[in-house]
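Visitor: Could you take me through this protein, one question at a time?

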Amino acid sequence: NKIYFKINDALPEPFSFTAETKSETNIELNWEKYGNYKVIVRCSKTNDFTSLSDSNYRSGDILANGDTVIYTGSASSFSHINLFSNETYYYNICSKLTDTTYSNGITIIGHTYCNSINNFPYVEEFYDGMPECWWQEPIIGNSTWTAEDSVLVVNNNNNSTRLVLTPFSLSDSVYATIKITLNNYSPTQPDALSIWYKTDNA
């Protein structure tokens, strides 16, 4: 008896496709081409991408499912500008195999920053729950911050979660003061509260 194996070659997809947020209105896309195949990059607000079959897509073309062609060619990066702040964008990249055939494509997600806060003093009392442009980054475990009855609460369970605030624009300030009211503090079971900051979007 003989056993036969049929091996289907994978389509030559681009790889290392990334979306790096640069500002409130700019997302930088980078990728590696597969060989000498040209690429087509599209953007969608709904993650619903059209099946490609045309031979002459151009930047700016709006396709059947509402996705937009934002780049075609042989480069390995594209700067997507003039975007809305605090918005999610889906990106799909394909290799152009022949005039009318394309690889399946790879989809990633990008999200623009919120507009910076530049009116001071800035006060957050959590009357309306967690502010829209604050987000959480778990460090250890899965603790979460919540806003309850105008109080910011964290269920730590010996875990650690970073709470990231909306960017502040302090370009016209010599110094900044941060005041935090800590409720239900226990000297016998103290929690560690650290404040970190950075001066750019890196």
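Guide: Cys 94 is buried, with a relative accessible area of 1%. The model is a predicted one. Cys 94 also belongs to a core of seven residues, as do Ile 40, Leu 52 and Tyr 57.

Visitor: Is Cys 43 buried or exposed?
Guide: A residue counts as buried when its relative accessible area is under 20%. The value for Cys 43 is 9%, so the residue falls under that cut-off and is buried.

Visitor: Which cysteines form a disulfide?
Guide: A disulfide is a covalent bond between the sulfur atoms of two cysteines. A search of the whole structure turns up one disulfide. Its sulfur atoms are 2.0 Å apart, and they belong to Cys 114 and Cys 133.

Visitor: How many residues apart in sequence are the parts that this pair ties together?
Guide: Cys 114 lies in the loop between strand S7 (106-111) and strand S8 (135-140), and Cys 133 lies in the loop between S7 and S8. The pair therefore ties together parts whose separation in sequence is 19 residues.

Visitor: Is the disulfide of Cys 114 and Cys 133 left-handed or right-handed?
Guide: The handedness follows from the torsion about the S-S bond. For Cys 114 and Cys 133 that torsion is about -95°, so the disulfide is left-handed.

Visitor: Are Cys 114 and Cys 133 buried or exposed?
Guide: Cys 114 has a relative accessible area of 5%, which makes it buried. For Cys 133 the relative accessibility is 16%. That is under the 20% cut-off, so Cys 133 also counts as buried.

Visitor: What share of the residues in the protein chain is buried?
Guide: The protein chain has 202 residues. Its accessible surface comes to about 14,500 Å², and carbon and sulfur atoms account for 48% of that. Of the residues, the buried share is 26%.

Visitor: Which residues have the most contacts inside the largest nonpolar core?
Guide: The largest nonpolar core has 14 residues. Strand S2 (27-32), strand S3 (39-44), strand S4 (68-73) and strand S6 (88-95) each supply at least two residues of this core. Those with the most contacts inside it are Phe 17, Leu 29, Trp 31, Val 41 and Tyr 91.

Visitor: What kind of aromatic pair do Tyr 71 and Phe 78 form?
Guide: A pair of aromatic rings is described by the distance of the centres and the angle of the planes. The structure holds seven aromatic pairs. In the pair of Tyr 71 and Phe 78, the centres are 5.9 Å apart and the planes make an angle of 40°, so the pair is tilted.

Visitor: Which residues form one aromatic cluster?
Guide: Tyr 71 is one of them, and it is buried at a relative accessible area of 15%. The cluster consists of Phe 17, Trp 31, Tyr 71 and Phe 78.

Visitor: Where does the charged end of Lys 45 sit?
Guide: The distance to look at runs from this charged end to a ring centre, and it is 5.1 Å. The charged end of Lys 45 sits over the ring of Tyr 89.

Visitor: Which residues is Asn 26 in contact with, leaving aside its neighbours within four places in sequence?
Guide: Asn 26 is found in the loop between strand S1 (15-21) and S2, and it is buried, with a relative accessible area of 14%. Its C-alpha atom is 9.3 Å from that of His 111, 85 residues apart along the chain. The residues in contact with Asn 26 are Glu 20, Thr 21, Ser 79, His 80, Ile 81, Leu 83 and Thr 112.

Visitor: Is the peptide bond from Phe 120 to Pro 121 cis or trans?
Guide: Pro 121 lies in the loop between S7 and S8. Omega for the bond from Phe 120 to Pro 121 is near 5°, and the bond is cis.

Visitor: Is Asn 82 buried or exposed?
Guide: Asn 82 lies in the loop between strand S5 (77-80) and S6, and its phi is near 60°, a positive value in a residue other than glycine. Its relative accessible area is 69%, over the 50% cut-off, so Asn 82 is exposed.

Key
Residues numbered from 1 in each chain as written. Predicted model: local features only at pLDDT ≥ 70, side-chain atom pairs only at ≥ 80, totals over all residues. Heavy atoms only, no water. Disulfide = S-S within 2.5 Å. Helix = DSSP H or I, 4+ residues; strand = E, 2+ residues; numbered from the N terminus. Buried < 20%, exposed > 50% of the residue type's maximum accessible area, 1.4 Å probe, protein only. Areas by Shrake-Rupley, 256 points an atom, 1.4 Å probe, with all protein chains shown as cover. Core = buried A, V, L, I, M, F, W, Y, C linked by side-chain atoms within 4.5 Å. Phe/Tyr/Trp six-rings, centres within 6.5 Å; stacked < 30°, edge-to-face > 60°. Lys NZ or Arg CZ within 6 Å of the ring centre and 35° of its normal. Contact = heavy atoms within 4.5 Å.
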